[in-house]
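I opened a new model today. These are my notes on what I looked up.

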Amino acid sequence: MKISITIFLAFVISVMVAWADTGKLYTSDKLSSSLLTSVCQDKYGYIWVGSEYGLNKFDGYNFTSYHTSQGDTSSIYINNVSVIYASTDGCLWVGLSKGLCRYGYHNNSFVRYAFPENMRPRVNAIFGMSPTEYGKINNKT
């Protein structure tokens, strides 16, 4: 009896391990690019994945890709995402190879922020900011 229970448990465990090894969360056919640059989880539980060709949001079931769109100022500024930061007040900041954006959950769009004298620096790191400091950054129109 002990031998049959042991064999049964070994079989169940081996099937579970084999099944777990086949699952893939980030596949190249679901993401905008296979070269990932940043991963972040926001306060709503969404997983945000930055890549060399766009931003991707995973809601637990599906991926949504965000890309720059010519003439659409509510899209991300450029597709090359450097860093993603979820602030303590719930804002999602996206550092790009040539700028900075903030995601608007209420309208599923982005606010672009301009740097002085039309500079377009690569944003590699974003640190905590309070909501009162957001006004010190100019919105790009």
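**Basis.** I am working from a predicted model, where local features need pLDDT of at least 70, side-chain atom pairs count only at pLDDT 80 or more, and totals for chains, interfaces and linings use all residues. Residues are numbered from 1 along each chain as its sequence is written, and side-chain values use heavy atoms, with hydrogens and water left out.

**Fold.** I found one helix and nine strands in the chain. I took these as DSSP runs (helices H or I, at least four residues; strands E, at least two), numbered from the N terminus. Along the sequence I read α-β-β-β-β-β-β-β-β-β.

**Burial.** Of the 141 residues, 33% count as buried. My cut-offs are under 20% relative accessible area for buried, over 50% for exposed and partly exposed in between (1.4 Å probe, protein chains only).

**Cores.** I looked for nonpolar cores, meaning buried Ala, Val, Leu, Ile, Met, Phe, Trp, Tyr and Cys residues joined through side-chain atoms within 4.5 Å. The largest has 14 residues, and Trp48, Leu55, Ile84, Val94 and Phe110 touch the most other members. Strand 5 (81–86), strand 6 (92–96) and strand 7 (99–104) each give two or more residues to this core. Strand 6 gives the most, with three. Another core of six residues lies apart from it, including Val83 and Tyr113.

**Lysine 43.** I located lysine 43 in the loop between strand 1 (36–41) and strand 2 (47–51). Lysine 43 counts as exposed because its relative accessibility is 57%. Beyond residues up to four places away in sequence, lysine 43 touches Asp89 and Gly90 (contact: heavy atoms within 4.5 Å). Its C-alpha atom is 9.3 Å from that of leucine 92, 49 residues apart along the chain.
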